[in-house]
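Below is a short exchange of questions and answers about one protein chain. Please keep the sequence and the model in view while reading.

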Amino acid sequence: QVQLVESGGGLVQTGESLTLSCEASENILNFNYMAWYRQAPGKRREWVADIGSGGVRFYGDSVRGRFSISRDIPKNMVFLQMNSLKPDDTAVYYCNARNAHSRSASGYWGQGTPVTVIS
């Protein structure tokens with residue numbers, strides 16, 4: 001079973017940037033999708049971004065144009081560059097590896113890294 005370890009979360013001010021990292025214990029190309037999700041306090045987990053095994057990227061409406069997902073295949077790592085952060089981006093961010101096309105599918109999860117954006 002793949003292990004996913006996120007890092008890079010923290011406390012930032014509105015408008016600042018942050019980059020999250022996710023290190024996988026196996027080749028990330030073993031999965032059809034690597035993704036980032038987030039869960040804000042009192043809310044359901046929300047899909048943020050995908051990168052498919054072929055490299056195609058998809059973004060949720062709330063982050064498109066501000067966030068960028070990327071990967072380093074030899075290092076088995078996935079990144080989430082977050083720019084122009086807003087208080088609404090405050091959440092625990094989770095790395096996900098899955099084979100199903102559906103974003104509601106479970107797959108494998110990391111333990112999460114918290115991001116807090118203050119105004």
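Q: In which sense, parallel or antiparallel, do strand 2 and strand 11 pair?
A: The model discussed here is a predicted one. In it, strand 2 covers residues 10–13, and Q13 stands opposite I118 in strand 11. Four bridges join strand 2 and strand 11, and the sense of their pairing is parallel.

Q: Which residue is the bridge partner of Y93 in strand 11?
A: Strand 9 and strand 11 are joined by three bridges and run antiparallel. Within strand 11, the residue that partners Y93 is T113.

Q: Which residues of strand 11 make up its covered face?
A: In a regular strand the side chains alternate between the two faces of the sheet. Strand 11 spans residues 113–118, and its uncovered face holds P114, T116 and I118. The covered face of strand 11 consists of T113, V115 and V117.

Q: How many helices and how many strands are there in the chain?
A: Read from the N terminus on, the elements of the chain run β-β-β-β-β-β-β-β-β-β-β. The count for the chain is therefore zero helices and eleven strands.

Q: What is the radius of gyration of the chain, and what does the globule rule give for 119 residues?
A: The C-alpha trace spans about 40 × 25 × 25 Å along its principal axes. The chain is as compact as a globular protein of its length, because its radius of gyration is close to the value from the globule rule. The two values are 13 Å for the chain and 14 Å from the rule.

Q: What share of the contacts in the chain with a separation of 6 or more comes from residues 24 or more positions apart?
A: Of the 119 residues of the chain, 42% count as buried, while the chain exposes about 6,100 Å², of which carbon and sulfur atoms supply 48%. Among the contacts with a separation of 6 or more, the share that residues 24 or more positions apart account for is 56%.

Q: Which two cysteines form a disulfide, and how far apart in sequence are the parts that the pair ties together?
A: A search of the whole structure finds one disulfide, and the sulfur atoms of its two cysteines, C22 and C95, are 2.1 Å apart.

Q: Is the disulfide of C22 and C95 left-handed or right-handed?
A: Both cysteines are buried, C22 with a relative accessible area of 1% and C95 at 0% relative accessibility. The torsion about the S-S bond of C22 and C95 is about -75°, so the disulfide is left-handed.

Q: Which residue has its backbone oxygen 2.9 Å from a polar atom of the side chain of R66?
A: R66 lies in the loop between strand 6 (57–59) and strand 7, and it counts as buried at 13% relative accessibility. Leaving out residues up to four places away in sequence, R66 touches Q81, M82, N83, S84, L85, K86 and D89. The backbone oxygen at 2.9 Å from a polar atom of the R66 side chain belongs to S62.

Q: Does S84 count as buried, partly exposed or exposed?
A: S84 is found in the loop between strand 8 and strand 9 (91–98), and has a positive phi of about 50° although it is not a glycine. Its relative accessibility is 40%, and S84 therefore counts as partly exposed.

Q: What is the phi of N76?
A: The place of N76 is in the loop between strand 7 (67–72) and strand 8 (77–82). N76 counts as buried because its relative accessibility is 18%, which is under the 20% cut-off. N76 is a residue other than glycine with a positive phi, and the value is near 55°.

Definitions and conventions: Residues numbered from 1 in each chain as written. Predicted model: local features only at pLDDT ≥ 70, side-chain atom pairs only at ≥ 80, totals over all residues. Heavy atoms only, no water. Buried < 20%, exposed > 50% of the residue type's maximum accessible area, 1.4 Å probe, protein only. Polar contact = N/O pair within 3.5 Å; in protein donor to acceptor, adjacent residues only side chain to side chain. Contact = heavy atoms within 4.5 Å. Disulfide = S-S within 2.5 Å. Pairing = 2+ DSSP bridges. Rg over C-alpha atoms; globule rule 2.2 N^0.38 Å. Areas by Shrake-Rupley, 256 points an atom, 1.4 Å probe, with all protein chains shown as cover.
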